[in-house]
Amino acid sequence: MGTVSKNIDIYAPLTDEQKEELKRADRMPITFDEDCPELTPEQLSGFTRSSKTFSVDEPKEQR
């Protein structure tokens with residue numbers, strides 16, 4: 001299976017097809033390997049929020 005890329009309008013409601021795709025993805029196991037190892041607790045603690053607030057209900061202003 002190759003890479004699948006799709007453009008999704010984050011402000012539009014999810015379609016039934018998108019909901020089913022998310023359900024299928026949720027059931028798939030996470031497979032770690034040498035190219036993508038599981039993160040250690042120390043690595044995970046280094047993540048920070050890039051934004052204090054985020055809401056898909058409030059679209060960003062277009063420039």
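**Notebook: surface patch and salt bridge**

I began with the surface and found a nonpolar patch of about 310 Å², made by Leu39, Leu44 and Phe47; patches are made of residues with over 30% relative accessible area and no salt bridge, nonpolar side chains (Val, Leu, Ile, Met, Phe, Trp, Tyr) being joined within 5 Å. I note that this is a predicted model, in which local features need pLDDT of at least 70 and side-chain atom pairs count only at pLDDT 80 or more, while totals for chains, interfaces and linings use all residues. Residues are numbered from 1 along each chain as its sequence is written, and side-chain values use heavy atoms, with hydrogens and water left out.

I then placed phenylalanine 47 in the segment after helix H2 (41–45), helices being DSSP runs of H or I with at least four residues, and strands runs of E with at least two, numbered from the N terminus. Phenylalanine 47 is exposed, at a relative accessible area of 58% (exposed is over 50%, buried under 20%, partly exposed in between, with a 1.4 Å probe and protein chains only).

Last, I looked up charge pairs and recorded a count of one salt bridge, defined as a side-chain nitrogen of Lys or Arg within 4 Å of a carboxyl oxygen of Asp or Glu. Lysine 23 and glutamate 20 form this contact at 3.6 Å, N to O, and both lie in helix H1 (residues 16–27), three residues apart, about one turn of the helix. Lysine 23 is partly exposed at 46% relative accessible area, and glutamate 20 is partly exposed at 38%.

Technical notes:
Patches are made of residues with over 30% relative accessible area and no salt bridge: like charges are joined within 9 Å, nonpolar side chains (Val, Leu, Ile, Met, Phe, Trp, Tyr) within 5 Å. Accessible areas come from the Shrake-Rupley method with a 1.4 Å probe; for residues, only the protein chains shown count as cover.
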